[in-house]
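Please view the sequence and structure below alongside the text.

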2 protein chains.
Amino acid sequence: MTDQKNQSIGLTAVSSAESDAILCKSCTLDSLCHPKSVQPHTLEILDKVLSRGVRYSKGEYLFHQGEPFDAVYAVRSGSLKTYVVTSNGQEQITNFYFATEMTGLSGLNMSIYPVSAVAMETTTVCKIPFAKLEELSLQIPELRESIYGTIGKELHNFEEMMLTLSKKNADERLATFLMNLSCRYKKRGYSASSFRLTMSRNEIGNFLGLAVETVSRVFSKFQKQQFIKVEGKEIQLLKPDRLSEISGNASSLDDIKITQ
Amino acid sequence: MTDQKNQSIGLTAVSSAESDAILCKSCTLDSLCHPKSVQPHTLEILDKVLSRGVRYSKGEYLFHQGEPFDAVYAVRSGSLKTYVVTSNGQEQITNFYFATEMTGLSGLNMSIYPVSAVAMETTTVCKIPFAKLEELSLQIPELRESIYGTIGKELHNFEEMMLTLSKKNADERLATFLMNLSCRYKKRGYSASSFRLTMSRNEIGNFLGLAVETVSRVFSKFQKQQFIKVEGKEIQLLKPDRLSEISGNASSLDDIKITQ
DNA sequence: CGGCGGCTTGACTGGTATCAAGTACCGTGG
DNA sequence: CCACGGTACTTGATACCAGTCAAGCCGCCG
């Protein structure tokens, strides 16, 4: 593991390194910059308003629940999680975010962020002041569309998540989770069948509404069944079709249409 | 209270009847028309693009999952639910919507609606073609803000829902649900402590990830404990503070700040 | 090398689903 | 108007999945 791999997860494709000097021109954050719709000059404009390549170490916060909302964040490399806390101190991870994904949206036009966002590893992001984004969107309609697209996806993602939490058993939840990660990695040019989990078993359990022990048990079971190969945080999907079946999820096929 | 606002909110106040001839001028769908920010002429403009007072009977669909996305809907009276369906036919209700609330947003800039929306009783809505909304938003910045606010609320709502489904037991879920309804009714000028459920026990269970029988049992238990009074679909909250405690939810207090 | 946190595995428990039966309610048709 | 049938709801008995508790292992870092 020359482990640069996980630099991988970052924008290998975007640039070989994590140089903070990258311009948006060379960045493929798909949520902001659909290749098909964005003109070169758009990117130049973006370059002027973004704080590019802001770096967070593992455990550092992009923002805390309750802080005033002022910006959304596009992940360039690394990964982060968002979570809500209840009055009695319970935490619920609401999502994980990887390179090219955007977070902070649920603060939209609310005075505060309703969640906290924290880096799960060394992570670089573009901080996008919302006011600026609004300004820019007036000049660049594609930017607006792109934002709406991101919002739509996020809303739908949450809806699917409700289904997972409400209706699926432990096996199905884990299968859904793995297939979801697989899709997201594939989309950004990494292997769909072999990747490294950036989150702990504890975090997976928290996210999926399961105890750590259950996550561990299901991983072991899937391995015994030869559906996956687990080595610590390294995961290989040996029978993605089988997992997809188990997940009972149409949505993991949304982009890929493996079956039917 | 003489201000348009509150009477506003419920559409009861908007007009005594459900006349389809109501103009937006007289409607204060708070998601579209924040009293503070919307100018009279805004409403006149809105009047021109909306299909006002479209009527659906119980069981009729506003849109089906998979249909092309073209509009969002603001509820004027009645109520509806949205739900997703999995490949294996399981359904998950993702939300209920009442007067003044907006639905259809998760189709935003996706080619299709990822959910279905169906009326739970006789319901009237304003259909707002999304393209028109975009056009208008260019002229009326407050309209845009209003939409963003609605989106932010919806995202946050889903995040809270994930917490509920993932971390709370049956009692806590039902308490959360009741307090949530209470808040929403109160906000639009109805009693916070006495209301009529427009959905069946089955739908409540589906939404909360519980079996019908469990919903029924918890209602009975709460009644025995004198927290609520249940008579079919009529609900009275006898000890809302107690329910709020049980719900363990800070968010139900977001707007109200009962405690602390 | 030692300690600590993350992970795994086993035994037991408990909350909720499931199955089953009975009751209340509502719309329909006679 | 009432009889009827079906659906929604309630309540009880039982089963099972996943949580909890407990112990041990692994791997990492100082």
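## Domains of chain A

Domain bounds, as used here, come from an automatic or database domain assignment. The model under discussion is predicted. For chain A, the assignment gives domain 1 as 9-164 and domain 2 as 169-256. Their contact draws 23 residues from domain 1 of chain A and 18 residues from domain 2 of chain A.

## Interface between the two domains

The size of an interface is often given as the accessible area lost when the parts come together. Between domain 1 and domain 2 of chain A, the buried area is about 1800 Å², with carbon and sulfur atoms giving 54% of it.

Three salt bridges are counted between domain 1 and domain 2 of chain A. On the side of domain 1 of chain A that touches domain 2, strand 4 (79-85), strand 5 (91-98) and helix 4 (141-167) of chain A each supply at least two residues. Strand 5 of chain A provides the largest share of that side, eight residues. The rule also finds 11 residue pairs in polar contact across this domain interface, both residues being at pLDDT 80 or more. Elsewhere in the description of chain A, a salt bridge joins the side chains of A:Arg184 and A:Glu101, at 2.9 Å from N to O.

## Interface between chains A and B

Chain B and chain A each bring 45 residues to their contact. The area buried between the two chains is about 4000 Å², and carbon and sulfur atoms give 67% of it. Within chain B, the residues that lose the most area to chain A are B:Tyr148, B:Glu159 and B:Met162, together 19% of what that side buries.

Across the interface of chain B and chain A there are zero salt bridges by the rule, while 17 residue pairs are in polar contact, both at pLDDT 80 or more. Strand 5 (91-98), helix 4 (130-139), helix 5 (141-167) and helix 7 (201-208) of chain B each supply at least two residues of the side that touches chain A. Helix 5 of chain B gives the largest share of that side, 19 residues.

## Helix 9 of chain B

Helix 9 of chain B spans residues 240-247, and B:Leu243, B:Ser244, B:Ile246 and B:Ser247 in it are buried. These residues lie on the same side of helix 9 of chain B because they cover an arc of only 160 degrees around the axis.

The buried residues of helix 9 pack against helix 6 (170-187), helix 8 (212-224), strand 10 (228-231) and strand 11 (234-237) of chain B. Just after helix 9 of chain B, B:Gly248 adopts a positive phi of about 60 degrees.

Methods:
Residues numbered from 1 in each chain as written. Chains lettered and ligands numbered in written order. Predicted model: local features only at pLDDT ≥ 70, side-chain atom pairs only at ≥ 80, totals over all residues. Heavy atoms only, no water. Buried < 20%, exposed > 50% of the residue type's maximum accessible area, 1.4 Å probe, protein only. Helix = DSSP H or I, 4+ residues; strand = E, 2+ residues; numbered from the N terminus. Arc of directions from axis to C-beta. Contact = heavy atoms within 4.5 Å. Buried area = accessible area lost by both parts, 1.4 Å probe. Salt bridge = Lys/Arg side-chain N within 4 Å of Asp/Glu carboxyl O. Polar contact = N/O pair within 3.5 Å; in protein donor to acceptor, adjacent residues only side chain to side chain.
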